[in-house]
Amino acid sequence: MNQIAIEDFAKYLANRNLLPAGLLPRDRGLLDLAKLGLLAKDEKLMRQLLALPHGLIVVTGPTGSGKTTTLATVLSLLNEPSRKILTVEDPVEYEIQGVNQSQVKPSIGLTFAAAMRAFVRQDPDVIMVGEVRDPETANISVHAALTGHLVLTTLHTETAAAVPRLLDLGVEGFLLKSTLRAVIAQRLVRILCDRCKKKRILESAGLAADPRYEVLGFKAGDCVHEPAGCERCGGIGYRGRCGVFKMLELKDEVYELVRPGADARTIDLAARRAGMTTMVDDAIAKCRACITSASEVLRVTTVR
């Protein structure tokens, strides 16, 4: 199958909403911060973080939660002729013109850590590490952030748990305190199909029969939308996905909690007191805005 045929097939899958997670579209229009699904407050915070000259920003979440797309979008936003950006990824899923991207190849010794050691000698402004998997990569990333680089990376963990995880990987507490700027957790929820989604006004009887809405804080009289299914969405009721986020900024009380033996729950509670929007709150806001459904909110988040 030639390249044109492959691209046509990928477009067909995308149009049918059947594109596998590993085949990410190359449409540059998708790499727009406004399309990620950030709330206005979180988008403002994201732009403030990206304006920093140096520091470490970590994106967390399980496989398939959209971390690669978020990082690619961030790099597209930072991509300017005056800014030198280097990335090491496994694999390179978004090709961004103007960004120096490389792929790890352990068989020849090109690991995340080896690439990072080479990167810091080339005076970049921004470094993106596909994933921190081992103590060596973690320590080099932190030292790169400490010596005047903006470092972006991912971890497979919860938001607040990123701090204990980095400490477990051997990063010194005082170094992490000096470099870590924010941890961003995300998941993906399916977007209701605009053509067939059904409007529903919640009633007391309906709330009693379906406790999901009450768990999420909905009351009688609230308006929600639910999936129906049509030809456009293949009978599923959903078309496309967007992110739900939790952005933990290291400042004030949270900053003081970054130390050996740091407890993820304590950090999370401190961040909430400081005004952090939880992932559940973000998802519920999207449910109230008729972007997604209550079942999707419960599928990807944990209601405490």
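Visitor: When do two strands pair here, and which residue stands opposite Leu-86?
Guide: Two strands pair if DSSP finds at least two bridges between them; strands (E, at least two residues) and helices (H or I, at least four) are DSSP runs, numbered from the N terminus. This is a predicted model, in which local features need pLDDT of at least 70, side-chain atom pairs count only at pLDDT 80 or more, and totals for chains, interfaces and linings use all residues. Residues are numbered from 1 along each chain as its sequence is written, and side-chain values use heavy atoms, without hydrogens and water. S2 and S3 run parallel, joined by 4 bridges, and the residue in S3 opposite Leu-86 is Asn-100.

Visitor: Which strands are the edges of the open sheet?
Guide: The sheet has 7 strands with mixed pairing, in the order S3-S2-S4-S5-S1-S6-S9. An edge strand pairs on one side only, which identifies S3 and strand S9 (238-249).

Visitor: At about what angle to S9 does helix H12 run?
Guide: Angles run from 0 to 180 degrees between N-to-C directions, with axes fitted as lines to C-alpha atoms, for helices over the stretch in contact; contact means heavy atoms within 4.5 Å. Helix H12 (residues 279-288) lies across S6 and S9, and its angle to S9 is about 145°.

Visitor: Why is helix H4 described as largely enclosed by the rest of the structure?
Guide: Buried means under 20% relative accessible area, exposed over 50%, and partly exposed in between (1.4 Å probe, protein chains only). The buried residues of H4, among them Phe-112 and Phe-119, pack against S2, S3, S4 and helix H5 (135-146). Helix H4 (residues 112-119) is largely enclosed because its buried residues number 6 of 8.
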